[in-house]
Amino acid sequence: MSIVKINALTVPAEQREVLERRFASRAGVVEGSDGFEWFELLRPLEGTDRYLVYTRWRDEAAFQAWMEGPMKAAHRGGGEEGGAEGGRRPAASDSTVWTFEVVQQAGPKPREESGE
Ligand code: HEM
């Protein structure tokens with residue numbers, strides 16, 4: 001089954017808007033990567049202050065291939081390259097990547113057609 005890679009971002013309160021704006025204008029390249037299955041930007045409401053960037057991939061190799069190529073272009077100025085000189089400052093003050101294996105999954109059952 002698939003693997004899930006979550007980037008957990010620590011974002012100072014005054015940077016939240018900046019972060020969300022950057023994601024709103026993200027490259028949109030990941031959608032075309034081989035083995036990419038899902039992306040969500042999760043805004044914390046309760047239990048944690050960290051934003052989660054949820055991504056799901058066919059396998060580890062697909063994720064690694066994205067990391068080594070398209071990811072770098074998709075993070076121009078927003079991630080580690082957004083240092084003091086020239087580039088934008090990163091909105092996040094810290095980031096940690098978590099890896100999971102999907103063990104089970106489910107979605108809602110298809111609804112039966114209801115003849116009104
Ligand atoms: C140094 C750590 C990282 C920081 C601070 C960071 C932050 C950001 C920001 C601000 C964006 C919006 C685009 C931009 O302004 O650059 C972005 C895009 C994205 N990030 Fe990260 N990121 C980091 C590493 C990662 C990692 C390890 C993953 C994998 C789980 C990831 C997954 C994504 C995805 C899927 C997008 C959207 C790319 C697209 O639209 O093609 N990021 N990230």
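The model is a predicted one, in which local features need pLDDT of at least 70 and side-chain atom pairs count only at pLDDT 80 or more, while totals for chains, interfaces and linings use all residues.

Begin with a cartoon view of the protein, which has three helices and four strands; these are DSSP runs numbered from the N terminus, with helices (H or I) of at least four residues and strands (E) of at least two. Followed from the N terminus, the elements come in the order β-α-β-β-α-α-β.

Next, select strand 1 (residues 3–10) and strand 3 (residues 51–57), which run antiparallel and are joined by seven bridges; two strands count as paired if DSSP finds at least two bridges between them. Within this pair, I6 has Y54 of strand 3 as its bridge partner.

Finally, select L9, V11, L19, Y51, A91 and A92, the six residues of the largest nonpolar core. Such a core is a set of buried Ala, Val, Leu, Ile, Met, Phe, Trp, Tyr and Cys residues joined through C-beta atoms within 7 Å, and a residue is buried if 20 or more other C-beta atoms, placed from the backbone, lie within 10 Å of its own. Buried residues make up 12% of the 116 residues in the protein.

Technical notes:
Residues are numbered from 1 along each chain as its sequence is written.
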